[in-house]
Amino acid sequence: MNSGSSNLETRSLLDELSNFNKGGLFDLGHPLLNRIVESFVKAAGIGAVQAVSREAYFTALEGSGLDNASGMPLEVGGKKHRLPGLTGETSSKSIEAMVKNTGKESFQWGLAAGIYSGLTYGLKEGRGAHDWKNSAVAGALTGAALALTSDNSSHEQIVQCAITGAAISTAANLLTGIF
């Protein structure tokens, strides 16, 4: 038995977590692919947790008989913050609706992170610089792609999301050195 396999057998979860940022989750043979897939998986996990926790919150409020602390309906932009299809009629239908909607939201989060991460990496490698211009282009394309995943996306919505993505990612890039 060589020392390499012995080390592999004795590594603990703490060792794996401490080396997490050094090696990453995946090795697909190219840094660009590794970065896209890792960003997708991490953000999709965050999206799933966010979707499930939001649904648990609204289910708890509904069960208490209150819509929210102020007694006003929980609506933003004309939409209730509930996963559609969760009517409580049968638990199998509710669970199926929650899984479908959580999957969609996870995909959207992962798509945004994967596209943005891949574009910033590719632009940095292609241009030889990591600056606000890369962030603006990556943010605009990511915003447009994210808008296309929503139901009934219009031309105006796609342009608005592209501009918003470019603005947010450019601001984040410019503010990175300040804080």
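I started with the buried residues of helix α7: A162, G165, A166, S169, T170 and N173. Buried here means under 20% relative accessible area, exposed over 50%, and partly exposed in between, with a 1.4 Å probe and protein chains only. These residues cover an arc of only 120 degrees around the axis, so they are on the same side of α7. I took the arc from the directions that run from the helix axis to the C-beta atoms. As a reminder to myself, an α-helix has 3.6 residues a turn, so residues three or four places apart point the same way. On the other side of α7, I found E156, Q160, I163 and I168 exposed.

Caveats before going further. This is a predicted model, where local features need pLDDT of at least 70 and side-chain atom pairs count only at pLDDT 80 or more, while totals for chains, interfaces and linings use all residues. Numbering runs from 1 along each chain as its sequence is written, and side-chain values use heavy atoms, with hydrogens and water left out.

Next I checked the length of α7. Its 21 residues should span 30 Å at 1.5 Å a residue, and the end C-alpha atoms are 30 Å apart, so the two agree. The expected span is 1.5 Å times one less than the number of residues.

What does α7 pack against? Helix α6 (residues 132-148) packs on α7 (residues 155-175) at an angle of about 145 degrees, with the axes 6 Å apart. Axes are lines fitted to C-alpha atoms over the stretch in contact, and angles run from 0 to 180 degrees between N-to-C directions. On the α6 side the contact residues include G139, A140 and G143, and on the α7 side they include A162, G165 and A166. Contact means heavy atoms within 4.5 Å. By class, I get 11 nonpolar, eight polar and no charged residues, with Gly counted as polar and Ala as nonpolar.

Then I looked at A112, in helix α5 (residues 91-127). A112 has a relative accessible area of 19%, so it counts as buried. Setting aside neighbours within four places in sequence, A112 is in contact with T142 and L146.

Last, the whole chain. I see seven helices and two strands, in the order α-α-α-α-β-β-α-α-α. Helices (H or I, at least four residues) and strands (E, at least two) are DSSP runs, numbered from the N terminus. Of the 179 residues, 27% are buried.
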